[in-house]
Amino acid sequence: MIILFILCLKKKKKNESLEKISDISSIRRVFELFDSNFFNDEKMLEIVKCAKKFNIPTIRANRKLVGSVNGGLQDPSALIFPLSTKFNYPSLSGIYRPKNDDDIAFMTISLTFHSCCYEIDIYQVLKLGELIKSKQITSVELTRIFIQRLKRYNPILEAVVTYTEELANQQAKGADKLLARGVYLCPLHGIPYGLKDIISVPHYKTTWGSTTFKDQVLNTETWFFAKLVTGLLAYDDIWFGGRTRNPWNIKEFTIGSSSGPAACTSAGMVSFAIGSETVGSMTLPASCCGVAALHLTFGFVGRTGIISLSKSLDPNDLSSRDILLEDHFLVDITKLTVRYVDDAEMEVVHVLESKGVNMVPFKLNYIVDSVQGIVNFTMDVDMLAHFDEWQRSRKDDDCESQSQWPPELHRARIFPAVDHVQVFLIDSFSVDAFIGDATDWERVCMGNLVGMPVIVALALAMAHQPVTDHHKK
């Protein structure tokens with residue numbers, strides 16, 4: 001704001017005071033951009049004078065001291081995962097390896113069952129992890145199957161940035177050796193997966209989907225299988241290598257920055273994938289590609305090594321909260337109150353109602369005209385703080401999509417700090433969960449702003465899935 005004040009002043013002789021500037025009209029126009037034209041001319045000139053003398057030197061000094069490296073990774077959040085008791089998933093029998101590798105690729109990684117009144121009833125037992133646990137398939141074999149599928153279908157879908165075949169095989173051998181010694185870690189033991197390419201891994205490129213950063217290597221440790229496409233700086237499905245396509249219809253696209261994870265999971269190119277969401281980045285591509293996405297409550301997962309778009313949208317993040325997680329398998333869903341809005345899938349409502357869940361109609365009452373406006377207000381300012389150098393060096397001129405981040409971050413320069421901290425969204429309400437269209441844009445924005453997960457409760461999702469066939473299509 002202050003910098004723009006100075007830029008609007010005409011060049012004057014060194015000894016000419018600001019009070020004598022005749023072109024006050026240009027200053028007024030700048031104040032109008034900040035909705036601050038309630039000042040009279042004298043006060044506007046005084047503000048400009050003080051800004052030049054005090055504000056700008058302080059801003060420049062502060063920038064040198066704490067200026068953010070692109071992506072906000074120079075001060076990573078602490079990786080603190082929530083405490084929990086061991087989840088009580090049952091042992092299975094009667095799971096056999098399919099003869100066809102393609103059928104193996106589409107096997108589920110998790111057991112789905114109905115948890116009610118602390119009694120577990122198994123409805124579906126198709127489980128990829130059981131094949132590894134029972135040694136019907138090795139992690140090395142499974143890795144080979146998925147790598148072959150990645151290389152076969154990626155030229156069409158444009159969903160993979162980097163193949164990590166050597167490291168994946170190395171980790172698969174390690175998982176098999178553990179199992180040979182009788183060490184079985186969990187239902188995901190030895191199962192390869194993909195990572196959205198905003199998540200850094202040592203010795204491999206983390207491109208953030210941008211030409212500017214396409215050769216970037218960040219040294220942060222994690223376990224992974226393949227680096228999957230993210231939209232440009234975690235925005236939509238356009239990246240420096242093209243645009244990720246929808247496996248159900250390759251003439252269409254995936255819509256959302258977790259496009260690679262959604263497309264690869266849908267096409268059976270990975271068993272599962274890890275994405276991220278600030279506003280719709282997981283939910284929208286998952287909906288387009290017909291896969292389930294679990295967007296956890298803000299603060300439940302550490303974010304070290306991940307590009308930071310908006311730390312303000314996770315008020316408790318250092319990076320995650322140290323809390324005790326309840327065993328979702330033991331939740332009594334008959335004690336939950338679930339509200340449904342007018343565009344809810346009534347099939348879901350009826351299924352949960354039949355399971356004993358208390359279902360109540362519900363209407364969301366917003367106290368702002370546009371939730372998206374609040375999101376833009378918050379996210380764009382936060383992101384610009386992490387990509388200040390990218391903009392100042394004019395590297396945004398080389399951005400693959402000039403209709404995306406560049407204009408958003410340009411306008412972020414003139415968001416007043418006073419208004420930035422005065423963000424309120426919705427009337428308070430008390431409810432365990434609510435059901436509605438997860439792709440409704442205002443609702444997507446609202447859910448992210450107030451920190452709600454997308455699958456509101458795992459117990460509810462498990463109650464619904466076994467009696468439907470959506471996840472099998």
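Biologist: Is Ala159 buried or exposed?

Modeller: This is a predicted model, and in it Ala159 counts as buried because its relative accessibility is 0%, where the cut-off for buried is under 20%.

Biologist: Thanks! Where is Ala159 placed?

Modeller: Ala159 sits in the loop between α6 (139-157) and β4 (160-163).

Biologist: And which residues does Ala159 touch, leaving out those up to four places away in sequence?

Modeller: Its contacts are Asn154, Leu228, Val229, Thr244, Gly260, Ala263 and Cys264. The C-alpha atom of Ala159 is also 7.5 Å from that of Arg245, with the two residues 86 apart along the chain.

Biologist: Nice. Switching to charges: how many salt bridges does the structure hold?

Modeller: There are 16 salt bridges. One of them pairs Glu141 with Arg97, where the closest N and O atoms are 3.3 Å apart. Glu141 lies in helix α6 and Arg97 in the loop between β1 (83-84) and α4 (101-105), so this pair ties together parts 44 residues apart in sequence.

Biologist: What about Lys151, which residue does it form a salt bridge with?

Modeller: Lys151 pairs with Glu165, the closest N and O atoms being 2.7 Å apart. Glu165 belongs to helix α7 (residues 165-180) and Lys151 to helix α6, so the pair ties together parts 14 residues apart in sequence.

Biologist: How about Arg413 and Asp388, how far apart are their closest N and O atoms?

Modeller: They are 2.4 Å apart, in a salt bridge. Arg413 is partly exposed at 29% relative accessibility, whereas Asp388 counts as buried at 15%.

Key
Residues are numbered from 1 along each chain as its sequence is written. This is a predicted model: local features need pLDDT of at least 70, side-chain atom pairs count only at pLDDT 80 or more; totals for chains, interfaces and linings use all residues. Side-chain values use heavy atoms; hydrogens and water are left out. Helices (H or I, at least four residues) and strands (E, at least two) are DSSP runs, numbered from the N terminus. Buried means under 20% relative accessible area, exposed over 50%, partly exposed in between (1.4 Å probe, protein chains only). Contact means heavy atoms within 4.5 Å. A salt bridge is a side-chain nitrogen of Lys or Arg within 4 Å of a carboxyl oxygen of Asp or Glu.
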